[in-house]
Amino acid sequence: MFTGQQIAATLAELGVTHVVWLPDSALGPWEEALEASRALTLVRVCREGEAWVLAAGLHLGGMTPVVMIQCTGLFESGDALRNVLFDLKLPLFAMIGYRSFLVEGSADTARKYTEPILRTWGLDYVLIDAPEKAPLLAEHFRKCRAAGRPGVVLLAEGQM
Amino acid sequence: MAAHRMPLAGALEVLRDLRRDEIVVTTMGTAREWPKLSSHPLDFHYIPSAMGHAGVLGLGIALAQPRRTVIAFSGDGGMLMSLGSLVTIATCRPANLTLIVIDNGIYEVTGGQKTAAAVGRVDFVALAKAAGFESARRFTDLADWKARAAETLALAGPRFVVLECEPVGCDYMLESPGPMAERIAKFRTALGT
């Protein structure tokens, strides 16, 4: 749906300074382009909970980070997300791989629970599940930034 | 690890006396004790927190503010929750970050239950070195810490320090240092962000 170059160029155009990530197999191929970008710094974490708080520190320090993880990492990182988005009230933005969304009839529980959990958190999210929806990434980022609130883009994926 | 431990207040007083314009990120027990010693615009009391993540919060600030020095505190229980963050921090190689673990061997805020590390044989300094920290030291004696603190904070970064401290006892309840929004605004003003 996206190439690494497209993602890196879009994020750079949006003023993103850091990509804090723990990739899955769909996001992983973007590594080379993200690392090559002069505008972006790629920060690797060991577990997704770290990503939210590290991004919070970057934000407090005046940077514009994006968290990039898979939905399974969203599940894992709930307490960190809760803390930085709702206690600290920081308007962080995340790009989340939506595992198995494109697999018709999938019984993957990662697929089943992703959107209900985002709705439970009350997070403003959009789903990109087709190439023509690619502009939603920049649109949603700008909308959330203008509103000063957190936002999420779900990136539809096939199997893990 | 050691039977001999230093008093937390004394350990923090050493840092208070050395501190100039460093950013100090406190959490858990240090967020209770540090405000008794310091009221600096670059103090950031990370409470309420996501327990275990003060180190990576400090890392983010350190990466964003490379011209400033950051001292981030963690408890030993918090450190155990995020041992992978030692690798994350070391891999980013922030020369301007010191992570200080206050090791009292217990979960103080829940009433003093032993951590797994206190029951086992965990060596936090060895873990930090293995993760790639440039320097890592442990102190169990207040006089030793006082004598070598300045030198330790001047070592190549990222630096990792374990201060083995006595539990504070029944005075373990955390009090809010005030509304988070106000504290963030004050902190960001001091940072100029």
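Helix 5 (residues 84-92) of chain B passes helix 7 of chain B in a right-handed crossing, where right-handed describes a near helix turned clockwise from the far one by less than a right angle, and left-handed one turned anticlockwise. Helices here are DSSP runs of H or I with at least four residues, strands are runs of E with at least two, and both are numbered from the N terminus. The axes of helix 5 and helix 7 (residues 124-131) of chain B come within 8 Å and cross at roughly 45°, each axis being a line fitted to C-alpha atoms over the stretch in contact, with angles between N-to-C directions running from 0 to 180 degrees. Because of this angle, helix 5 of chain B is oblique to helix 7 of chain B; the scheme calls angles under 35 degrees roughly parallel, those over 145 roughly antiparallel, those from 65 to 115 roughly perpendicular, and the rest oblique. The contact is made by B:Leu86, B:Val87 and B:Ala90 of helix 5 and by B:Leu127, B:Ala128 and B:Ala131 of helix 7, two residues being in contact if their C-beta atoms, placed from the backbone, lie within 7 Å. By class, this contact has 6 nonpolar, no polar and no charged residues, with Ala, Val, Leu, Ile, Met, Phe, Trp, Tyr, Cys and Pro counted as nonpolar, Asp, Glu, Lys and Arg as charged, and the others, Gly among them, as polar.

The structure is a predicted model, in which local features need a pLDDT of at least 70 and side-chain atom pairs count only at pLDDT 80 or more, while totals for chains, interfaces and linings use all residues. Residues are numbered from 1 along each chain as its sequence is written, and chains are lettered from A and ligands numbered from 1 in the order in which they are written. The model scores ipTM 0.97 and pTM 0.96. Chain B averages a pLDDT of 94, and 96% of the residues score at least 70, pLDDT being the predictor's confidence in each residue on a scale from 0 to 100.

In chain A, helix 3 (residues 48-60) and helix 5 (residues 78-87) pack at an angle of about 20°, with their axes 7 Å apart. This angle makes helix 3 of chain A roughly parallel to helix 5 of chain A, and helix 3 of chain A passes helix 5 of chain A in a left-handed crossing. At this crossing, A:Gly49, A:Trp52, A:Val53 and A:Ala56 in helix 3 of chain A meet A:Asp79, A:Ala80, A:Leu81 and A:Val84 in helix 5 of chain A. By class, the contact has 6 nonpolar, 1 polar and 1 charged residues.

Between the chains, 27 residues of chain B are in contact with 23 residues of chain A. On the side of chain B that touches chain A, two or more residues are given by each of helix 3 (54-64), helix 5 (84-92) and helix 9 (180-191) of chain B. The largest share of this side, 8 residues, comes from helix 3 of chain B. The residues of the side of chain B that touches chain A divide into 15 nonpolar, 11 polar and 1 charged.

Helix 2 (residues 28-37) of chain B is mostly covered, with 7 of its 10 residues buried; a residue is buried if 20 or more other C-beta atoms, placed from the backbone, lie within 10 Å of its own, exposed if 12 or fewer do, and partly exposed in between. The buried residues of helix 2 of chain B are B:Met28, B:Gly29, B:Thr30, B:Ala31, B:Arg32, B:Glu33 and B:Trp34. Among the elements that cover them are helix 1 (8-18), strand 1 (23-26), strand 3 (70-75) and strand 4 (97-103) of chain B.

Most residues other than glycine have a negative phi, and most peptide bonds are trans. B:Met28, in helix 2 of chain B, is not a glycine but has a positive phi of about 50°, and B:Met28 is buried, with 25 other C-beta atoms within 10 Å. B:Arg93, also not a glycine, has a positive phi of about 55°; B:Arg93 is found in the loop between helix 5 and strand 4 of chain B and counts as partly exposed, with 14 C-beta neighbours inside 10 Å. A cis peptide bond, with omega about -5°, joins B:Ile47 and B:Pro48, and B:Pro48 is found in the loop between strand 2 and helix 3 of chain B.
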